[in-house]
Amino acid sequence: MPTVIVEADEGRTVEQKRGLVKEITAAVCKNFEVEPQSVTVFIHEGKKENRGKGGKLASD
């Protein structure tokens, strides 16, 4: 049962997330030779103020 975790900033629409899950599932099925029902995709959304890079918050 492959599981894919996507970390992203918040702000995507449900339609964008739906498309992403569909395409990720298709890629996993093709490359891992599994059925779509066995693929789980988690989308973890966070605020830019909760992530930093290079010593600065992403919201700065």
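The structure is a predicted model, in which local features need pLDDT of at least 70 and side-chain atom pairs count only at pLDDT 80 or more, while totals for chains, interfaces and linings use all residues. Residues are numbered from 1 along each chain as its sequence is written, and side-chain values use heavy atoms, with hydrogens and water left out.

Asp9 counts as buried because its relative accessibility is 17%, where buried means under 20% relative accessible area, exposed over 50%, and partly exposed in between (1.4 Å probe, protein chains only). Apart from neighbours within four places in sequence, Asp9 is in contact (heavy atoms within 4.5 Å) with Glu45, Gly46, Lys48 and Arg51.

With 14% relative accessibility, Thr25 counts as buried. Once neighbours within four places in sequence are set aside, the contacts of Thr25 are Pro36, Val39 and Val41.

Is Glu33 buried or exposed? Glu33 counts as exposed, because its relative accessibility is 72%. The backbone of Glu33 also deserves a look: its phi is near 55°, a positive value in a residue other than glycine.
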